[in-house]
Each structure stands twice: as C-alpha cells, then as structure tokens.
Amino acid sequence: MNYILGIESSCDDTSAAVLRDTTICSNVIANQAVHTSFGGVVPELASRAHQQNIIPVVETALRKAGITKEQLSAIAFTRGPGLLGSLLVGTSFAKSFAYALNIPLIEVNHMEAHVLAHFIVDEEKLKDIPHFPFLCLTVSGGHTQIVKLSDHFSMQIIGRTIDDAAGEAFDKAAKILGLPYPGGPLIDKYAKEGNPKAFKFSKPNIQALDYSFSGLKTSFLYLVRDHLKQDPDFIEKNLADLCASIQHAIVETLMKKLIMAVKQTGIKEVAIAGGVSANSGLRNAILEQQNNGWKVFIPDFQFTTDNAAMIAVAGYFKFLKKDFADLTVAPYSRQG
Ligand code: KG4
Ligand code: ZN
C-alpha cells in the first residue's frame with residue numbers, strides 16, 4: 001500500500017491530494033477569486049496566490065487523509081503545460097518536500113493527468129474504469145484534443161484545436177455577454193432555461209479530426225453586437241437563449257469530430273475529461289451515443305476541472321514503473 005501526494009498548480013487553482021494506491025483519501029482545491037474581476041487569469045497574481053496557498057492546502061490534504069507526511073511513499077507534481085510562474089511554485093514545493101522526506105519525486109504532464117483521472121477509485125461511488133484502447137476527448141481552458149490511449153502513458157493525439165480551446169470559447173462568449181470569469185459554468189447554468197436553436201452561428205469547416213473555435217467566437221460577437229445596436233437590452237432579454245445556442249454550437253462541434261474519431265478507429269470506449277467535461281450539454285450529448293453502442297466514461301465533477309487527485313493517480317502509475325524525476329527537473333509551459 002502506497003500513499004502518493006499530488007500537487008497541482010498549473011493555472012489558477014492550488015490543489016493537493018492524497019491517494020492510497022488509486023483510491024482517493026483527500027482532494028483539496030483552493031480557487032483564486034482574485035482573477036474574477038479581470039475577466040481571465042492574471043499570471044503574476046496566480047503565482048503569488050499559489051505561494052500563499054500551497055502549504056495550507058498540503059497540510060489540509062494530509063489531515064483529511066488521516067496520515068502524516070512520514071507515511072508518504074512519493075510526491076507527484078504537475079511539470080507542465082501551464083503558466084510558468086504558477087508551475088514553479090508547485091515544482092519547487094514538491095522538490096523541497098521530496099528532498100526533505102527522502103522519497104521519490106514524480107513529474108506529471110497535466111493533460112495526461114486529466115485523462116488518467118478516470119482511474120481514480122472513490123470507495124463511496126464505485127464505477128467502471130476504461131479498458132485500453134479507448135478514446136478521450138480532453139477539453140479544458142487551454143486545450144482541446146482527441147487522444148487514443150493504448151496504455152496509461154501511450155497517448156496519441158489524433159485531433160486538436162488549431163486556435164482556441166473549447167473552454168476558451170465558453171469563457172470568451174461569456175465575456176461578450178458581460179459574465180465574470182470563468183464563464184463556462186455560468187453559460188451552462190443559464191443554458192438550462194434557454195432554446196438551443198434560438199440563434200445560429202457559422203460552423204467551422206476544419207480538416208480531419210482537428211477543431212477550430214475562433215470563427216464561432218467571432219460569429220457570436222457580431223450577432224450580439226448587431227442586436228445591441230437595435231436593442232440595448234438584447235442580452236438581458238435573451239440571456240438564456242444566447243447561452244443555450246452557443247453551448248449547443250460548441251457541443252455539436254466537439255461531438256462531430258468525436259463521432260468521426262470513433263468511426264475511423266473503430267474504438268467505442270469513449271471518455272471525456274477536463275474542465276469542459278463538467279458541461280451538462282456535452283455530458284448529455286456523449287451519453288446519447290450509448291444508443292449507438294458506445295461505452296461512455298464521464299468523470300465525477302470534482303475530477304473535471306483542475307485537481308491534484310488526477311496528478312496523484314498519474315504519479316501512482318509512474319511510481320509502479322519507478323519512473324522518477326531528479327532534483328534538477330524544471331517546469332515547461334507548453335505541451336511540446
Ligand atoms: O481543466 P480546467 O479546470 O483548466 C485547464 O486546464 O484549462 O478547465 C477550465 C475550463 C474553463 O474554461 C471553464 O470555463 C471550463 O473549463 N468549464 C466549463 C464548465 N465548467 C468548467 N465549461 C462549460 N461548462 C461547464 N460546466
Ligand atoms: Zn486542466
């Protein structure tokens with residue numbers, strides 16, 4: 001039995017989690033309210049908030065797991081991709097802690113971890129885990145990609161966005177509507193009361209399994225701008241319909257390529273991961289595909305947006321392989 005501490009600090013959430021092998025013992029997340037009024041994450045402020053949060057968050061994660069730091073077997077941390085200043089806080093903390101405790105240090109790729117979150121076992125909500133090979137649509141604020149997994153760490157990216165990520169499309173649409181950051185969850189909330197067919201937008205026409213969301217954002221911007229010229233209260237009067245329509249357009253775009261990927265690969269075990277996998281429209285759309293013989297994997301809400309439990313589970317699989325980092329390891333901001 002091994003206790004793995006996971007540390008996540010790639011963007012604006014400071015998180016620490018303890019796993020007993022793949023079973024979750026604690027998952028603590030400190031959100032940074034400081035960015036809300038800026039309409040997006042301010043990197044300098046994010047690093048500073050991580051610096052303030054990291055030790056209390058780790059102490060809480062250990063306490064909630066009911067273990068002492070001496071019981072830890074290894075420390076896993078997000079090495080990248082993400083904001084460099086934010087990553088440096090988690091990386092430096094993880095290195096010092098592993099060094100002080102004289103236990104292995106494990107570096108984790110944030111995007112791989114989003115997918116591997118499907119292997120976290122929660123004893124209170126037991127559910128199936130995917131079998132290899134399976135496909136995963138990873139949709140977050142910074143990335144949108146379809147990956148094919150033939151092993152925990154053999155992930156082939158078979159489709160990706162050529163411009164904005166799906167989460168960015170949600171957040172930018174929300175900003176156009178005057179909603180605070182991050183707007184994705186708010187669009188999801190208002191969309192529940194609206195008509196998804198009320199407004200139509202130009203559809204992206206991108207090759208193969210790739211995505212593009214920048215045209216959709218521009219089309220949404222022009223639609224709102226043109227209507228506001230006629231009626232200054234257009235947004236207030238149509239908020240639910242606008243949210244439902246843009247959500248429908250984003251989800252339809254995501255599903256179109258995912259369905260193509262299933263047809264091309266013949267793989268019918270399909271998962272979704274990342275912050276946008278919390279979206280109710282996307283969850284319903286993928287669940288509908290069960291009627292077409294798909295076996296669908298939807299993460300628990302706490303494992304959709306950034307969290308350290310996913311870092312710890314990815315760390316656990318590397319721990320089994322003795323795939324350890326040394327103390328010269330440094331973060332990277334891009335996926336490579
Ligand atoms: O995975 P994540 O926490 O961070 C990154 O790695 O980027 O994803 C954050 C993104 C944000 O763009 C946020 O608006 C979006 O996930 N998001 C949602 C929902 N919950 C979070 N988008 C649509 N509907 C949601 N319910
Ligand atoms: Zn993420």
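A: S9 counts as buried, because its relative accessibility is 1% and buried means under 20% relative accessible area, whereas exposed means over 50% and partly exposed lies in between (1.4 Å probe, protein chains only). S9 is found in the loop between β1 (3-8) and β2, where helices (H or I, at least four residues) and strands (E, at least two) are DSSP runs numbered from the N terminus. Although S9 and S47 are 38 residues apart in sequence, their C-alpha atoms are 8.6 Å apart in space.

The model is predicted, and local features need pLDDT of at least 70, side-chain atom pairs count only at pLDDT 80 or more, and totals for chains, interfaces and linings use all residues. Residues are numbered from 1 along each chain as its sequence is written, chains are lettered from A and ligands numbered from 1 in the order in which they are written, and side-chain values use heavy atoms, with hydrogens and water left out.

Further along, D21 lies in the loop between β2 (13-20) and β3 (23-31), and D21 has a positive phi of about 55 degrees although it is not a glycine. With 23% relative accessibility, D21 counts as partly exposed. T23, by contrast, lies in strand β3 and counts as buried at 11% relative accessibility. From T23 to L254, which is 231 residues away along the chain, the C-alpha atoms are separated by 31 Å.

Now to the ligand. The shell around ligand 1 holds 19 residues, of which G141, D171, D188, N279 and D306 are the closest; a residue is near a molecule if one of its heavy atoms lies within 4 Å of it. Divided by kind, the shell has five nonpolar, eleven polar and three charged residues, where Ala, Val, Leu, Ile, Met, Phe, Trp, Tyr, Cys and Pro count as nonpolar, Asp, Glu, Lys and Arg as charged, and the others, Gly among them, as polar.

Several polar contacts can be followed here, a polar contact being a pair of N or O atoms within 3.5 Å (within protein, one must be able to donate a hydrogen and the other to accept it, and residues adjacent in sequence count only if both atoms are side-chain atoms). In D188 an N or O atom of the side chain lies 2.9 Å from a nitrogen atom of ligand 1. Backbone atoms take part as well: an N or O atom of the D306 backbone is 2.9 Å from an oxygen atom of ligand 1, and for G167 the distance from a backbone N or O atom to a ligand oxygen atom is 3.3 Å. Of the 560 Å² of accessible area that ligand 1 has on its own, the protein covers 90%; such areas come from the Shrake-Rupley method with a 1.4 Å probe, and for residues only the protein chains shown count as cover. Two or more residues of the shell come from each of α3 (110-116), α4 (166-176) and α5 (184-191).

One joins F132 and P133, with omega about -5 degrees, and P133 lies in the loop between α3 and β6 (134-139). Another runs from Y181 to P182 with omega near -10 degrees, and P182 has its place in the loop between α4 and α5.
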